[in-house]
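Open the model in your viewer and keep the sequence panel beside it. The stops below say what to select next and what is there.

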Amino acid sequence: ASPLRFITDELALPTADGRIVCDLLALHGDRPVVIELKPGREKQRLVEQVTTYAALIETNLELFSALYSAILGHPTPLRAPCERWIVWPHRTIAGHDPQEQALAALGIRVVGYEAMNDSFRFHVGRAVAQTRIPPAHDTP
């Protein structure tokens with residue numbers, strides 16, 4: 001399995017509606033990864049953010065490949081679709097995040113976190129099938 005490599009954080013890009021910001025951009029093998037971090041479980045907002053930013057990357061894959069290449073210092077061709085991850089407070093029912101299945105259907109991986117004294121414990125949900133999904137505001 002390929003490690004998840006950090007690329008950059010808080011990358012803001014202009015859009016027709018203003019701007020869009022990605023909390024973390026990463027690389028998993030040859031796929032770009034959009035990671036949204038939130039202290040609350042704001043599902044609708046997170047789905048829209050991660051899906052919209054992933055679609056922006058997929059539409060501009062060559063430009064993002066150039067960005068990743070410049071940051072990593074070597075050619076980094078990227079392959080779509082982009083992975084989508086949401087990191088939010090950990091909650092479980094029968095050992096799984098209650099939203100994991102619904103988010104997996106949207107191609108989004110769930111990572112739950114919980115504070116542990118002066119550190120955090122992460123609960124990484126199952127890998128999901130990666131497919132190109134239009135941004136939330138483009139769906140009927």
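A residue counts as buried here when its relative accessible area is under 20%, and as partly exposed when the value lies between that and 50%. Note also that this is a predicted model.

**The sheet.** Select the strands. There are 6 of them, forming an open sheet with mixed pairing, in the order S1-S2-S3-S4-S5-S6. Strand S1 (4-15) and strand S6 (119-124) are at the edges; each has a single partner strand, so one side of each has no neighbour in the sheet. On average, neighbouring strands of this sheet are turned by 30° against each other, direction ignored.

**Strand S2 and its partner S3.** Select residues 18-28, which make up strand S2. S2 pairs with strand S3 (residues 31-37) in the antiparallel sense, over 5 bridges. Within this pairing, look for Leu27, which stands opposite Pro32 in S3.

**Asp23.** Stay in strand S2, where Asp23 has its place. Is Asp23 buried or exposed? Its relative accessibility is 11%, so Asp23 counts as buried. Show the side chain of Asp23: it reaches the backbone nitrogen of Leu37 at 2.7 Å. Beyond four places in sequence, the contacts of Asp23 include Thr8, Asp9 and Glu10, and also Ile35, Glu36, Leu37 and Lys38.

**Val21.** Now select Val21, also found in strand S2. Val21 has a relative accessible area of 22%, so it is partly exposed. Not counting residues up to four places away in sequence, Val21 touches Glu10, Leu11, Ala12, Glu36 and Tyr53.

**The helices.** Select residues 43-59, helix H1, which lies across S1, S2, S3, strand S4 (83-89) and strand S5 (108-116). H1 runs at about 155° to S4.

In soluble globular proteins, nonpolar side chains tend to be buried together. The largest nonpolar core here has 24 residues, and those touching the most other members are Leu25, Val34, Tyr53, Ile57 and Ile86. S2, H1, H2, S4 and S5 each give two or more residues to this core. H1 provides the largest share, 6 residues. Another core, of 7 residues, lies apart from this one; among its members are Ile35, Val87, Val111 and Tyr113.

**Last stop.** Select Ile57. Leaving aside neighbours within four places in sequence, Ile57 is in contact with Leu25, Pro32, Val34, Phe64 and Cys82.

Methods. Residues are numbered from 1 along each chain as its sequence is written. This is a predicted model: local features need pLDDT of at least 70, side-chain atom pairs count only at pLDDT 80 or more; totals for chains, interfaces and linings use all residues. Side-chain values use heavy atoms; hydrogens and water are left out. Helices (H or I, at least four residues) and strands (E, at least two) are DSSP runs, numbered from the N terminus. Buried means under 20% relative accessible area, exposed over 50%, partly exposed in between (1.4 Å probe, protein chains only). Contact means heavy atoms within 4.5 Å. Two strands pair if DSSP finds at least two bridges between them. Axes are lines fitted to C-alpha atoms, for helices over the stretch in contact, and angles run from 0 to 180 degrees between N-to-C directions. A polar contact is a pair of N or O atoms within 3.5 Å; within protein, one must be able to donate a hydrogen and the other to accept it, and residues adjacent in sequence count only if both atoms are side-chain atoms. A nonpolar core is a set of buried Ala, Val, Leu, Ile, Met, Phe, Trp, Tyr and Cys residues joined through side-chain atoms within 4.5 Å.
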